[in-house]
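Dear colleague,

Please find a structure below for your attention. My notes on it follow directly after.

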Amino acid sequence: MADLDPVPGPDPVAGGDPVAGGDPPLDLTAIEARLLAVETALQRLEDGSYGRCSSCGSPIEEELLGNDPVASTCGACLAGRVEGA
Ligand SMILES: [Zn+2]
């Protein structure tokens, strides 16, 4: 018996995701959370606590606010949260 591959046809690509990139699907929960964050930020603007960490009271880094204008926690608290405080 010759040791040859039986069928040299095209490989069936199983489980491949043909669509990469493009717009992500609408996530209503995320949008609602975002809306809430904006409302909270507006309220904080009114009472003068905007730009301060809601957790420790330190000023939030400008870089963080640049990335996320409605950020409510400073970089340190954010990092602490990720580590699991
Ligand atoms: Zn903080």
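The notes below cover the chain as a whole and then two of its residues.

This is a predicted model, in which local features need pLDDT of at least 70 and side-chain atom pairs count only at pLDDT 80 or more, while totals for chains, interfaces and linings use all residues. Residues are numbered from 1 along each chain as its sequence is written.

The chain holds 3 helices and 0 strands; these are DSSP runs (helices: H or I, at least four residues; strands: E, at least two), numbered from the N terminus. Along the sequence the pattern reads α-α-α. Of the 85 residues, 5% are buried, a residue being buried if 20 or more other C-beta atoms lie within 10 Å of its own, exposed if 12 or fewer, and partly exposed in between, with C-beta atoms placed from the backbone.

Glu61 belongs to the loop between α1 (28–47) and α2 (62–67). Glu61 counts as partly exposed because it has 16 C-beta neighbours inside 10 Å. Beyond its neighbours within four places in sequence, Glu61 is in contact with Cys74 and Gly75; contact requires that the C-beta atoms of two residues, placed from the backbone, lie within 7 Å.

Val70 sits in the loop between α2 and α3 (75–83). Since 16 other C-beta atoms lie within 10 Å, Val70 is partly exposed. Residues up to four places away in sequence aside, Val70 touches Ala37, Val38 and Ala41. Val70 and Leu35, 35 residues apart in sequence, have C-alpha atoms 9.9 Å apart in space.
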